[in-house]
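Good morning, and thank you for making time for this item.

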Amino acid sequence: MQTRNVLKVIEPQTTSDGAGVRLKRSIGTRTLDYLDPFLLFDHFGSDAPEDYIAGFPMHPHRGIETVTYMISGAVDHRDSIGNAGTIEGGDIQWMTAGGGIMHEEMPHRSDGVMEGFQLWVNLPARLKMTTPRYQNVPSDQIPEIETEGAVRTRIIAGTVNGVRGAVSEIAADPSYLDVSMPAGTSFEQPVERGHSVFAYVFDGAARFGTDENQTGHNVPATRLVVFKDGDVVRVETDDKPVRFLLVSGKPLEEPMARYGPFVMNTEEEIYHTIQEIRSGNFPAPVVPDETR
Ligand code: FE
């Protein structure tokens, strides 16, 4: 069993998106353009409504999945095919945009602070145009386990100690864990060899990638840790607790043509998508799907 060592530690870039939502971006930047299959990773959080209240008004997606995980506050969601709802603190929404969706995402707070994450996962060529699908899982249906030292892991996707996550049947075979470790504890999680793996530290600090031969990297919040290949991720805390997301996925290794919220395999597919938008034919009516 080879411990995954740290490839790099990335400081998120502060940027703004949508109609003016301030956020910290750590995948989808010049520093880290793509961590196959992950296209984008944003952390939004503020106690000042002007940082997020303008939200993300109606916009399209095609060829990807968007994964919204809220820590506190909420996001009201509404789309072109009649879905609507609210993603609240602790809830996850795993949306497969597939062939196309138009939606709006409007954050608001519940108790002072609004904080959450959005991850974009690329779809393989065979599922780029699949029927849109939602997996909305409320907080109380996300499995949570406790291991030695009162380390708590919420299992959004993937399997930990035989417990399966809330979200399933995703092309990238992902795991998505929210891990809380008290001070002076350790955590180990097997991961698939060859998969891309990152951790995002959003509270406290911890040491990542430790094995018998090296001392590991001390990583404070807020940083993204990208791992080298291996079989297991190891994390240890010293005098501080930590909370981080641990995410892995199978690389697609396919050609990519990317234009904002559209991610396809060829420039021609992007061109056609833009033509559909211009002519008012996006998203095309949903047809029954047999590729899944
Ligand atoms: Fe969106």
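The iron ion has as its protein donors H59 (NE2), H61 (NE2), H103 (NE2) and E105 (OE), at 2.1 to 2.3 Å. A donor here is an N, O or S atom within 2.8 Å of the metal, or 3.2 Å for Na, K and Ca; water is not among the atoms, so sites may look incomplete. This is a predicted model, in which local features need pLDDT of at least 70 and side-chain atom pairs pLDDT 80 or more, while totals for chains, interfaces and linings use all residues. Residues are numbered from 1 along each chain as its sequence is written, and side-chain values use heavy atoms, with hydrogens and water left out.

What is the geometry of the iron site? The angles among the four donor atoms run from 85 to 179°, and the site is irregular. For that label, four donors count as tetrahedral if all angles lie between 85 and 135 degrees; four count as square planar, and six as octahedral, if opposite donors are over 155 degrees apart and all others between 65 and 115; anything else is irregular. For reference, the ideal angle for four tetrahedral donors is 109.5 degrees.

Along the sequence, the donor residues follow the spacing H-x1-H-x41-H-x1-E. H59 belongs to strand 5 (residues 56-61) and H103 to strand 10 (residues 101-108), so this pair ties together parts that are 44 residues apart in sequence. Strands (E, at least two residues) and helices (H or I, at least four) are DSSP runs numbered from the N terminus. H59 and H103 are both buried, where buried means under 20% relative accessible area, exposed over 50%, and partly exposed in between, with a 1.4 Å probe and protein chains only.

H77 sits in strand 7 (residues 74-79) and, at 5% relative accessibility, counts as buried. Its contacts beyond four places in sequence include H103 and E105, together with Q93, M95 and Y134; contact means heavy atoms within 4.5 Å. The side chains of H77 and Q93 are also joined by a polar contact of 3.5 Å. That term denotes a pair of N or O atoms within 3.5 Å; within protein, one must be able to donate a hydrogen and the other to accept it, and residues adjacent in sequence count only if both atoms are side-chain atoms.

I turn now to the nonpolar interior. A nonpolar core is a set of buried Ala, Val, Leu, Ile, Met, Phe, Trp, Tyr and Cys residues joined through side-chain atoms within 4.5 Å. Which members of the largest core touch the most other members? Of its 29 residues, they are F41, F117, L119, Y176, F198, L224 and L245. Among the strands that each supply at least two residues of this core are strand 4 (38-46), strand 11 (114-122) and strand 19 (196-208). A second, separate core has 23 residues, including I145, V179, V219 and V225.

F198 touches, among others, F38, F41, L119, L224 and L245, leaving out residues up to four places away in sequence.

The whole structure holds 12 aromatic pairs. Rings of Phe, Tyr and Trp (its six-membered ring) pair if their centres lie within 6.5 Å; planes under 30 degrees apart count as stacked, over 60 as edge-to-face, and the rest as tilted. F38 and F198 are edge-to-face, at 5.5 Å centre to centre and 85° between the planes. With F38 in strand 4 and F198 in strand 19, the pair ties together parts 160 residues apart in sequence. F38 and F198 are both buried. For F117 and Y200, the centres are 5.8 Å apart and the planes at 75°, so that pair is edge-to-face. It links F117 in strand 11 with Y200 in strand 19, 83 residues apart, and both residues are buried. F38, F41, F117, F198, Y200 and F202 form one aromatic cluster.

Finally, T222 lies in the loop between strand 20 (217-220) and strand 21. T222 is buried at 14% relative accessible area, and its contacts beyond four places in sequence include Y200 and F202 from that cluster. A polar contact of 3.2 Å joins the side chains of T222 and K24.
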